[in-house]
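Let's take a friendly walk through a protein structure, one stop at a time. Keep the picture beside you and look up each place as we come to it.

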Amino acid sequence: GIQESRRTEEEVHVTAQAAGLSRSHGPVQLLRFSPHLNAQELKLMELPSDVLEALKKGDRVVVRGDPSNEAVLCTGNRTYELKIAETSNALLLSPDLFVPSNAQFQRFGDGSLVSSQVVACLGDYFELRCCQPKTQKLRELLSECPYKGPEYEGGLVDLGASESMDTFPEGVQKKRKGPHKYTVEELKERVQASDAELLESLEQQQACPVDGFWRVFDPDYRDRVVLSILTLLEEEDWNYFEVPLEGCMGKLLQLEPRFAIEHCLKWYGTAFTSDMGEAFYKLSEEKVCQFYGELILRQGVKFSYHEFMKSWQDSVPEGMTTSLHQLKGIALTDMSATPPAIWFYPVTALPQDATERFNRLFSLREKWTQADIEPYIRDLETSSQSLKALLLKHARMSTGPKGEKVFNAKRTVT
């Protein structure tokens with residue numbers, strides 16, 4: 001390394017002149033390299049302003065992902081991809097380098113020789129890119145053990161991500177090796193999303209806390225509970241926009257657990273309190289119609305469009321009106337077919353990766369109008385990538401015969 005104790009100010013000045021450096025105010029810092037450069041254990045990371053602020057405030061910042069995943073960094077409300085960026089200039093790390101903003105810098109006179117040690121020499125650093133949370137993993141985990149009703153819960157053993165089969169009583173291991181149930185803390189360890197994004201995704205996926213574990217309802221069980229509620233409203237002649245919570249409980253608790261009834265009311269309606277302090281729910285016409293439409297579509301492969309629309313309208317409660325826009329992101333139509341067709345195609349069936357998503361969509365249909373494709377890519381939008389930017393990156397725009405925007409694949413569909 002450089003032996004700064006043997007160098008005089010004049011020698012440093014000569015060396016600086018040879019390197020084309022001019023004399024300036026403050027001390028001259030002599031860099032010496034540690035005999036044990038630590039390039040493997042020390043890494044540099046370029047931080048966006050909100051991550052830096054989170055660290056300054058002492059907020060929790062974590063790196064998440066299974067060994068098979070590319071790592072992401074999460075603050076309380078955002079997720080960032082961790083990417084390695086290479087630099088052509090060597091980056092020297094020194095823990096005791098003095099800078100003008102340092103109070104001790106002012107103690108040294110102009111030209112004073114000060115030693116600083118370099119502990120690492122790096123050619124790359126981590127950069128963070130704000131990204132969409134990787135919630136496909138959450139869907140997979142929740143689907144391992146959907147809630148099918150109280151009659152199916154007997155004998156289930158809780159096998160969280162951190163628990164071992166060896167900790168359970170003898171005989172249980174052979175009885176139950178399959179579906180796991182997860183607490184929110186276990187989901188945080190497995191899902192690449194910030195805490196806020198994870199909770200938001202749990203709500204979007206209609207997950208419900210059951211005995212401390214987050215579960216999604218099996219579609220057949222959800223249908224059973226919702227149809228029980230809607231049937232009760234007809235029997236009691238209750239207004240769909242003023243459903244009494246305790247009235248429902250009094251009639252349905254003998255059939256279903258309270259949390260299941262209330263969860264379905266929350267998902268398909270909005271809670272409010274009457275002037276008398278009673279709890280009510282106002283059911284959403286759009287969500288109820290959507291429920292019946294999906295219920296019919298899941299029963300077949302393809303339907304005649306016109307026959308489906310009639311059956312759908314006939315199935316919903318009196319006074320409610322069905323409309324195709326209620327099935328955006330749930331069903332696709334082909335009006336050029338003979339006869340015109342409609343079929344179940346939920347956005348949840350698509351890959352989360354944007355390139356794979358567009359590839360799947362364009363393999364299904366060569367051209368998409370903006371109105372048709374947006375429901376299938378809206379969940380890919382982030383604060384740094386708008387829907388418009390996504391379409392410009394993955395699709396080529398043209399004008400349709402009626403003057404509407406039409407999108408087709410930018411690359412060969414595989």
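Helix H7, helix H9 (258-268) and helix H10 (285-297) each supply at least two residues of the lining of the largest cavity. Keep in mind as you look that this is a predicted model. How much space lies in the largest cavity? The space comes to about 70 Å³, and the structure holds one cavity of 30 Å³ or more. To find the cavity, look for Val226, Ile229, Leu230, Cys264, Leu265, Tyr268, Leu283, Val288 and Phe291, which line it. What classes of residue are in that lining? There are nine nonpolar residues, with no polar and no charged ones.

Now follow the chain out of H7, which spans residues 219-236. Asp237 lies in the loop between this helix and strand E10 (243-244). Asp237 is not a glycine, yet its phi is positive, at about 55°. Is Asp237 buried or exposed? Its relative accessible area is 68%, and because exposed means over 50%, Asp237 counts as exposed.

With a relative accessible area of 73%, Asp211 is exposed.

One more loop deserves a visit. Pro339 is found between strand E14 (331-334) and strand E15 (341-344). The peptide bond that leads from Thr338 to Pro339 is cis, and its omega is near -5°.

Next, let's turn to a sheet. Which order do the strands of the open sheet of five take? The order is E2-E7-E5-E4-E3, and the pairing is mixed. Strand E2 (45-46) and strand E3 (62-64) stand at the edges with a single partner strand each, so one side of each has no neighbour in the sheet. In general, strands of a sheet pair through backbone hydrogen bonds, either parallel or antiparallel. E2 and strand E7 (residues 120-131) run parallel and are joined by two bridges. You can pick out a bridge between them by looking for Glu46, whose partner in E7 is Glu127.

Our next stop is the aromatic rings. A pair of aromatic rings is described by the distance of the centres and the angle of the planes. How many aromatic pairs are there? The count comes to 13. One of them joins Phe303 and Phe308, with 6.2 Å from centre to centre and 50° between the planes, a tilted arrangement. Because buried means under 20% relative accessible area, Phe308 counts as buried at 2%, whereas Phe303 is partly exposed at 23%. Elsewhere, Tyr147, Phe217, Tyr221 and Phe259 form one aromatic cluster.

The charged end of Lys287 sits over the ring of Trp267, 4.2 Å from the ring's centre. The charged end of Arg365 is placed over the ring of Trp368, and here the distance to the centre is 4.6 Å.

How values were computed:
Residues numbered from 1 in each chain as written. Predicted model: local features only at pLDDT ≥ 70, side-chain atom pairs only at ≥ 80, totals over all residues. Heavy atoms only, no water. Helix = DSSP H or I, 4+ residues; strand = E, 2+ residues; numbered from the N terminus. Buried < 20%, exposed > 50% of the residue type's maximum accessible area, 1.4 Å probe, protein only. Phe/Tyr/Trp six-rings, centres within 6.5 Å; stacked < 30°, edge-to-face > 60°. Lys NZ or Arg CZ within 6 Å of the ring centre and 35° of its normal. Pairing = 2+ DSSP bridges. 1 Å grid on protein atoms, 1.4 Å probe; cavity = no way out; pocket = protein on both sides within 12 Å on 5 of 7 lines; lining within 4 Å. Points joined across faces, edges and corners; volume = space filled by probe spheres on them. Nonpolar A, V, L, I, M, F, W, Y, C, P; charged D, E, K, R; others polar.
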